[in-house]
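Here is a quick look at the charged side chains in this structure and how they pair up. Have the sequence and the model open as you read.

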Amino acid sequence: MSKEHKGIYKAWETTVRKSQAAAKKSQAAAKKRAQAIFAVATMSIAHADDDEPNSNELQHVERVLSDGEFYTGQCFNNLPHGNGKYLWTDGCMYVGEWYKGKTMGKGKFSWPSGATYEGEFKSGFMDGNGTFTGDFGDTYKGVWVMNLKHGQGTKSYANGDYYEGEWRRGMQDGQGRYQWQNGNHYTGQWRDSEINGKGTMVWSNGNRFDGVWNNGFPKGNGTFKFENGNSYVGFWSRDSNEQNLNFFPAGSTESADFDWDPQEIYSVHLEDCKICPDEPLSILPSQKITYWPGTPERGGRLSNGRLSNYSWSSQSNGLSIDGDEGFAHLHVEGSPARGFGKQQMRIKPVKKQQGHTIAKGHKNYDLMLNLQLGIRHSVGRPGPAINLDLKSSAFDPKEKVWTKFPPEGSKHTPPHQSCDFRWKDYCPLVFRTLRKLFNVDAADYMISLCGNDALRELSSPGKSGSFFYLTNDDKYMIKTMKKAETKVLLRMLPAYYNHFRSFENTLVTKFYGLHCVKLTGPAQKKVRFVIMGNLFCNFPIHRRFDLKGSSHGRTTTSKPEAEIDPNTTLKDLDLNFIFRLQKAWFQEFCQQVDRDCDFLEQERIMDYSLLVGLHFRETTFSGSCIVPLTSGSRISSGVHTPSGLRTPTGNGDDGGPRLSGVDMDKLLDPSRWAVSLGISMPSRVEQTMRKPECENQLVGEPTGEFYEVILYFGIIDILQDYDISKKLEHAYKSMQYDPTSISAVDPKQYSRRFRDFIFKVFVEDK
């Protein structure tokens with residue numbers, strides 16, 4: 001390292017020391033001092049972008065960048081690639097492996113406060129196995145997914161507490177053990193960083209509670225046992241009126257005279273059993289933007305260096321996290337759009353919204369008004385406090401409420417401009433409780449379905465003849481129902497409800513309400529419909545697949561890849577990808593698919609499918625190119641070798657709408673992402689190719705071309721039972737085609753075939 005660069009490095013070290021000393025007083029003051037030091041230090045040095053070679057060979061460089069930041073390490077094609085160190089003016093530092101300008105592989109990120117993360121990175125995120133040490137002394141060691149603790153991990157807290165177990169989305173969730181510094185410990189189930197489910201609390205004095213917990217407190221059946229053997233058994237609750245307990249003495253006369261108020265477990269015993277919160281981070285590694293000489297100047301610089309989830313930002317590979325329409329159609333102000341060579345897969349840009357708005361004059365305009373009036377009435381109607389333990393009478397198919405909606409209004413309904421109609425709610429208490437279980441706010445639900453914005457009708461009905469309507473915010477989908485489907489849903493509703501209570505991450509379609517509109521007059525037309533969640537409501541979807549595991553008739557189009565409309569739902573024989581999930585996600589996925597298929601098989605359901613949506617993170621600004629990660633080899637560290645690089649070529653501007661840096665920063669804030677199983681999942685897909693002689697080959701041969709994606713999936717069409725019509729279809733088609741290739745088969749055989757296929761196209765990303 002040259003003397004001048006040593007001066008820069010020493011200046012940076014001084015910055016960090018000053019930042020650490022001043023962190024408790026003022027982070028802002030520390031940043032100003034750091035920037036001042038760099039400004040002085042860099043005045044005497046000729047910047048690297050004054051005379052910079054452009055080489056396509058791996059080389060070692062030391063560069064002071066135009067804004068005072070510093071990089072030393074390996075470089076390929078004018079971007080950090082290999083091992084290198086990057087120093088930011090605010091005192092942050094990254095040391096480790098890079099891939100095409102992104103932190104990728106093993107590395108260490110340091111904050112000016114003294115906090116550090118050492119472990120695996122992926123596309124700028126803390127992702128994989130890693131250890132985070134906070135500036136107050138907290139230490140987490142375990143699995144990360146997109147900056148969040150997710151999987152198995154242990155955390156040692158600065159106050160002496162300790163947790164070991166499962167994490168989900170950055171919170172304790174699943175099975176785990178928490179040890180307090182005072183000797184108390186809990187072993188059992190967690191949810192959202194709170195004790196929830198079955199578990200055992202043992203106090204340091206020998207007392208213990210075994211039973212059901214809710215939001216950190218005993219709620220349900222359980223046993224509190226004292227060290228001397230006395231115990232209280234029964235139903236526990238913070239509400240003494242709900243509590244129902246029996247006392248069992250240990251056997252002695254002294255024990256029989258034991259006097260204790262069971263409410264003390266809440267007011268006294270649990271007082272010293274608080275869960276330590278996580279330390280907040282001022283900025284995440286994925287929010288750091290880097291500047292590099294020799295590349296076009298970029299505008300939209302944000303405070304604290306925050307911009308995209310890629311540390312090298314939008315320059316070489318396009319932006320990866322999209323807003324309403326996707327950054328494939330947006331520019332950062334001052335940022336040039338760049339194209340790529342001919343080695344990419346090309347796709348059509350995603351249209352902003354599907355379907356046609358139901359405006360006045362549309363044939364279904366009155367029906368839409370009726371739906372919105374009825375839903376507003378159902379959701380807004382006052383009801384008793386919600387209890388998740390529903391009585392069997394709530395699931396009775398005869399449990400329904402009819403309401404008349406005359407145009408002039410009534411005591412319970414407002415006047416309206418539509419025709420006279422009647423409204424029916426099926427099992428209203430059950431669906432109201434399901435919405436509570438799904439964490440749906442009643443006001444938000446009504447705004448989505450009944451706000452000023454009209455619904456959108458999809459261009460054509462499905463194969464079943466049902467029509468689909470989307471809310472303007474894409475959160476909910478309304479599907480018209482046949483009478484037979486309505487009967488199936490009401491029949492399976494108790495099992496459906498219990499399944500969701502047991503498995504919150506089930507992939508089965510979420511139903512929010514079941515209703516019917518009956519028009520008065522000569523026609524007496526009835527329209528039954530169900531309100532469902534829409535899987536594809538966060539990112540633009542570039543490819544969507546409907547997968548069943550059967551081959552007969554399971555193709556949609558023979559068009560070339562570049563001509564396929566992103567709104568076209570492709571089928572099994574159109575599938576040209578293998579989906580690679582990280583280990584923690586893959587294990588959870590397999591378990592949940594097995595649970596869901598068992599549930600559907602028990603309910604005699606068949607003909608369901610896995611709907612999969614792909615958002616390609618590596619699209620260019622024009623939205624037409626997808627850049628493969630590599631087709632070359634991979635070294636043990638996880639960094640791709642230069643032989644597999646796809647180098648950007650060309651330069652252009654498609655004139656798309658522009659986005660300010662501030663707006664871009666809001667859309668890229670990771671705290672806005674709700675990552676869960678099947679929702680907004682970061683993943684990789686590998687492209688496959690079928691052999692020409694194997695037309696009905698369900699799974700193609702891997703090509704070695706990988707793509708970074710955001711993945712969505714869920715099990716849909718779960719209201720078809722194996723009735724007489726499906727049995728006849730099976731008998732008829734079995735005489736003409738291979739019986740194993742058709743969709744209409746017995747639920748047990750369907751479930752087995754579905755799982756076999758899904759577990760071939762979803763694999764662990766090793």
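## A partly exposed aspartate

Aspartate 594 has a relative accessible area of 28%, which makes it partly exposed. Keep in mind that this is a predicted model.

So who does it pair with? Aspartate 594 makes a salt bridge with arginine 755, with 3.1 Å between the closest N and O atoms. The two sit in distant parts of the chain, 161 residues apart: aspartate 594 belongs to helix H9 (residues 583-602), and arginine 755 to helix H12 (residues 747-761).

Is arginine 755 buried or exposed? Its relative accessible area is 14%, so arginine 755 counts as buried, the cut-off for that being under 20%.

Arginine 755 also meets the side chain of glutamate 601 in a salt bridge, at 3.7 Å from N to O. Here again distant parts of the chain are linked, with glutamate 601 in helix H9 and arginine 755 in helix H12, 154 residues apart. Glutamate 601 is partly exposed, at 23% relative accessibility.

## A link between two loops

Next up is arginine 604, which forms a salt bridge with aspartate 746, the closest N and O atoms lying 3.5 Å apart. Arginine 604 is in the loop between H9 and strand S31 (609-616), while aspartate 746 is in the loop between helix H11 (724-734) and H12, 142 residues apart.

Both ends are partly exposed: arginine 604 has a relative accessible area of 38%, and aspartate 746 has 26%.

## The overall tally

How many salt bridges are there? The count comes to 19.

Terms used: Residues are numbered from 1 along each chain as its sequence is written. This is a predicted model: local features need pLDDT of at least 70, side-chain atom pairs count only at pLDDT 80 or more; totals for chains, interfaces and linings use all residues. Side-chain values use heavy atoms; hydrogens and water are left out. A salt bridge is a side-chain nitrogen of Lys or Arg within 4 Å of a carboxyl oxygen of Asp or Glu. Helices (H or I, at least four residues) and strands (E, at least two) are DSSP runs, numbered from the N terminus. Buried means under 20% relative accessible area, exposed over 50%, partly exposed in between (1.4 Å probe, protein chains only).
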